[in-house]
Amino acid sequence: MPAPQAPTAVAPLDVAAIRGDFPILDRMLDGTTPLVYLDSGATSQRPRQVIDAEVDFLTRDNAAVKRGAHRLAEAATDAYEGARDRIAAFVGVARPEQIAFTKNATEALNVLALALGDPTAPEHLRVREGDEILVTEMEHHANLVPWQELARRTGATLRWIPLGEDFRLDLSGLESLLTERTKVLALTHQSNVLGTVNPVAELAAKAHAVGAVVVLDACQSVPHMPIDLPALGVDAAAFSGHKMLGPTGIGVLWGAGELLEQLPPVLTGGSMIETVTMERTTFAEPPARFEAGTPPISQAVGLAAACDYLEALGMENVAAHELELTRRAIEGLEQLPGVRIIGPALDAERAGAVSFDLAGRHPHDVGQVLDARGVEVRVGHHCAWPLHRRYGLAGTTRATFSVYTTPAEVDALVEGMGAVIDFFARFE
Amino acid sequence: MDLTSLYTDIVFEHDKRPLHAGLREPYEAEVHHVNPTCGDEITLRVHLAGDPEDPRIEDVSYDATGCAMSRASASTMSDLVIGRTLREIEPVSAHMDAVMHARGREEGDEALLGDAVALVGASKFPNRVKCVLMSWKALHAAVIEAGGPVDGAAA
């Protein structure tokens, strides 16, 4: 494991220069309305460096990887495996073979849930009837539904850590929720709705004390803050390429230590085998065991370029930039009549997803008026329906940020919300 | 982008004071429809009576949560269909479905649609079409569940 780096001073991002790398940000909506893109939590935009990396690969080295002996296949395999090394290093993983590429983070979480329920999983990992799976009430559906389904298939019981009035996990009942029966704790690092950052290391240590496997949804943290996955103390993590300036069609599954080696494959076919006869097959070592079929090759190359891009900016600087935007958004929105922030107060355990409610107005109607002004936010339940039910909300309006987001864009959101309020007032 | 074709006084009148809202007895069928992308929900009951070959909608009652468009649609739809037979409303629902899928290229016929014509502006906004049609789809499902002729009602 690399030695911990000395903390570096936070430097402000040169956002004007950064924006020059993102061609889509110059786009006009309706030909005249500038794009104010505040939906990076759903999918981020891609810099030229990422787009060019994919184009360069496709125009120079494209071939199927890990099969064939020709030179182009070797070049493509080198690019693909080099991307794995790069992406592993970005999240502090010293052994790239602990990382498998999937279609997206959802697939990575499903692979884990399916493998842990498989009858061939080792006894200490296998989830079966009578066991408990612990999740949280703030999970994205991607880190909830696969565990519900695992419980349904195995007869295990799904339990969850509830949300408190302060928009954080209510850990007061943790002792009765996290017990010797708990086989899996699956939780998000950062809520995609609330912005809440969970005390992952603390919860992972408690889960390990009862022998549970800890699975982390890192989709909303890896793009926005420095992450050292092994240091978090979790056993597995998933994140997606397209939320971190990279391509769609690629997700990352990481297993700590020997976890992936101990788990059976769930998707089978080409590239994941050791030997095959008509009767039976033995499987390759990870990560190949979890990469059946032709993998997302150019996407891996693009994602590696995204890691280069983010690392050159410095993830501490990215986090500081987005925290400042979050502060500006919350302070501006809170001044508006009827607007309520759905998320914790600004402090160290909060990051940049700013969701809010406008009294008496459905988020779809709010988003429609913002969209008319070019302000692109997400509305609805953001794939976290139980979270919204918990707070009695049909949905929320959500602004999320990235490296290219400017304070002026946050101001456009706040001004836009003022206009939303005025717009609907005329129908009162 | 012009929002005035989407949001009108009529839409907000129905949003604020929805007609026929609330769940009532008697009813032959109750359905629950959701719009999974935005979480809008409607529980809708239908009460049929009269000629089994062409039953009349005696009552439509509902509980709807959602955006202004979806709530106004439930209100205008119920007001359009209550008291009419399934054969009478068939051209109404067919027209509603057609204009809502026309991406703003077709005018709504106010003689057929009544106040629901105010919702046709949403057809220019593809992600709002489903808001408007959710209550119509719920009506269609409820009529079938209540044993009405399948070709009789709604989109």
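Let's start with the second largest cavity. Its lining is A:V65, A:K66, A:R67, A:Y80, A:S271, A:E291, A:G293 and A:P295. A cavity here is a set of points, on a 1 Å grid over the protein atoms alone, where a 1.4 Å probe fits but cannot get out, and a lining residue has an atom within 4 Å of a point. The space in this second largest cavity is about 40 Å³. Volume is the space filled by probe spheres set on the grid points, which are joined across faces, edges and corners. By class, three of its lining residues are nonpolar, two polar and three charged. On the classes: Ala, Val, Leu, Ile, Met, Phe, Trp, Tyr, Cys and Pro count as nonpolar, Asp, Glu, Lys and Arg as charged, and the others, Gly among them, as polar.

Before I go on, the ground rules. This is a predicted model, where local features need pLDDT of at least 70 and side-chain atom pairs count only at pLDDT 80 or more, while totals for chains, interfaces and linings use all residues. Residues are numbered from 1 along each chain as its sequence is written, chains are lettered from A and ligands numbered from 1 in the order in which they are written, and side-chain values use heavy atoms, with hydrogens and water left out.

How many cavities of 30 Å³ or more does the structure hold? Three. Helix 9 of chain A, residues 259-262, gives the largest share, three residues. Helices are DSSP runs of H or I with at least four residues, strands are runs of E with at least two, and both are numbered from the N terminus. The lining of this largest cavity has three nonpolar, three polar and four charged residues.

Keep A:P286 in view. The peptide bond from A:P286 to A:P287 is cis, with omega near 5 degrees. A:P287 sits in the loop between strand 12 (281-283) and helix 10 (297-313) of chain A. Chain B has a cis bond to show as well. B:E25 and B:P26 are joined by a cis peptide bond, omega about -10 degrees. B:P26 is in the loop between helix 1 (9-16) and strand 1 (29-35) of chain B.

One more backbone point. A:H382 is not a glycine, yet its phi is positive, near 55 degrees. It lies in the loop between strand 16 (378-380) and helix 13 of chain A.

Now the interface. On chain A, 18 residues contact 25 residues of chain B; contact means heavy atoms within 4.5 Å. About 1,800 Å² is buried between the two chains, and carbon and sulfur atoms give 57% of that. Buried area is the accessible area, with a 1.4 Å probe, that two parts lose on being put together, summed over both. Which residues of chain A lose the most area to chain B? A:H364, A:Q368 and A:F427, together 35% of what that side buries.

Next, charges. The rule finds three salt bridges across this interface. That rule asks for a side-chain nitrogen of Lys or Arg within 4 Å of a carboxyl oxygen of Asp or Glu. A:R389 and B:E41 meet in a salt bridge, 3.5 Å from N to O. On the side of chain A that touches chain B, helix 12, helix 13 and helix 14 (407-425) each give two or more residues. Helix 12 has the largest share, six residues. That side has seven nonpolar, five polar and six charged residues.

Over all chains, the whole structure has 30 salt bridges. Within chain A, A:R84 pairs with A:E81, the closest N and O atoms 2.8 Å apart. Both lie in helix 3 (residues 71-90), three residues apart, about one turn of the helix.

Last, the second largest pocket. A pocket is an open set of points with protein on both sides within 12 Å along at least five of seven lines. This one holds about 410 Å³ of space. It has 25 lining residues, and the closest to its centre are A:H362, A:L393, A:A394, B:T65 and B:G66. The lining divides into eight nonpolar, nine polar and eight charged residues.
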